[in-house]
Amino acid sequence: MNKQQIFKKRPVGAADASTWSLEKNPIPELEEGQVLIKNHYISLDPAMRGWMNEGKSYIAPVEIGAVMRAGSVGEVIKSKNNPTFKDGDFVSGHGGVQQYVATDGKGYYKVDPKLAPLPTYIGTLGMPGMTAYFGILEVGKIKEGDVVVVSGAAGAVGSIVGQIAKIKGCKVIGIAGGKDKCKYVVEDLGFDACIDYKNEKVKERLKQECPKGLDVYFDNVGGEILDAALGRLRMHARVVICGAISQYNNKENMRGPANYLSLLVNRATMQGMVVFDWAERYGEAGQQMGKWMAEGKLKTREDVYEGIENFPETYNRLFSGDKLGKLVLKVIED
């Protein structure tokens, strides 16, 4: 049987266990040209909350009654004359929160578990890593000597953003929640400093760490922290809007930036980014980040939990902050 988390209702505010239903259905029969993939791990990302909302976005919402959308990595266990994949191939794509998926293979690509552990292909070498790479290099346009501030610095995207900025010769200040996360960001990842938004005043610490202002702010959280960063912009600064996790569960309207006139005063830019826009260049990014990893310049960390039945509570770790690095769920049983 195939265990699946089925999307049952659109949440108002935070999602809870009633948002999904764990169901057991027969493993799908293959049609000509399809492959059957046994999912090993699925990716949990803040973007999932937006995928549940009805309305216009960069991707169609998850339909009621459908398997919950998620990135995945697993093994091809059967191929019915598929031209691209054969039995035994390991692949990554969007297989959803389920143990098995039948697909024609479009949107999937091969991965090599001998080069990196499977969870890394839905982390640093997957969508979060691609987001960080293109977000900071192409949208942030960093250059040596820039002062870069990254929110969500201990998370899947922010941790990679800051490390890439350091590789490129920038001064990097992270913002994270809690002493342990800040210690990890500085001591393990090599950031120059980290502001604990739970126990420190972000606005005051930014003045201390960026006395002359900042050149690039990479935003994963929105809200008050975005406003604090906008107040420290230098001339021609770049603000990258990657996410706004502090706002996703609002039952009312999202809070927009109050300090936006700082963009005018400093001739700065604020640009949103969606990683799919660089899909044709994922291979380039993967090769470069793989090289940095092999050289010990780029560290990766996956926070792995087990059991597809534990998906709702594991998903909520995205918003409680009870995680470190990339959040991953192992869905196949040994």
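Colleague: What makes Arg301 count as lying over the face of Tyr184?

Modeller: Arg301 is 5.3 Å from the ring centre of Tyr184. A charge sits over a ring if NZ of Lys or CZ of Arg is within 6 Å of the ring centre and within 35 degrees of the ring normal. Arg301 lies over the face of Tyr184, so the term applies. The charged end of Arg69 likewise sits over the ring of Trp51, 5.4 Å from its centre.

Colleague: What should I know about the model itself?

Modeller: This is a predicted model, where local features need pLDDT of at least 70, side-chain atom pairs count only at pLDDT 80 or more, and totals for chains, interfaces and linings use all residues. Residues are numbered from 1 along each chain as its sequence is written, and side-chain values use heavy atoms, with hydrogens and water left out.

Colleague: How many aromatic pairs does a search of the whole structure find?

Modeller: Eight. One of them joins Trp20 and Tyr315, with 5.2 Å centre to centre and 70° between the planes.

Colleague: Why is the pair of Trp20 and Tyr315 called edge-to-face?

Modeller: Rings of Phe, Tyr and Trp (its six-membered ring) pair if their centres lie within 6.5 Å; planes under 30 degrees apart count as stacked, over 60 as edge-to-face and the rest as tilted. The 5.2 Å and 70° of Trp20 and Tyr315 therefore make the pair edge-to-face. Trp20 lies in strand E2 and Tyr315 in helix H9, so the pair ties together parts 295 residues apart in sequence. Helices (H or I, at least four residues) and strands (E, at least two) are DSSP runs, numbered from the N terminus.

Colleague: Why is the pair of Tyr315 and Phe319 tilted?

Modeller: Their centres are 5.4 Å apart and their planes are at 55°, so this pair is tilted. Ring pairs link Trp20, Phe311, Tyr315 and Phe319 into a cluster.

Colleague: Is Tyr315 buried or exposed?

Modeller: Buried means under 20% relative accessible area, exposed over 50%, partly exposed in between (1.4 Å probe, protein chains only). Tyr315 has 0%, so Tyr315 is buried. Trp20, at 5%, is buried too. Phe319, at 23%, is partly exposed.

Colleague: How do you know that the buried residues of H8 line one face of the helix?

Modeller: They are Ala285, Met289 and Trp292. Seen down the axis of H8, they fall within an arc of 55°, so they line one face. The arc is that of the directions from the helix axis to the C-beta atoms. On the other side of H8, Gln287 and Ala294 are exposed.
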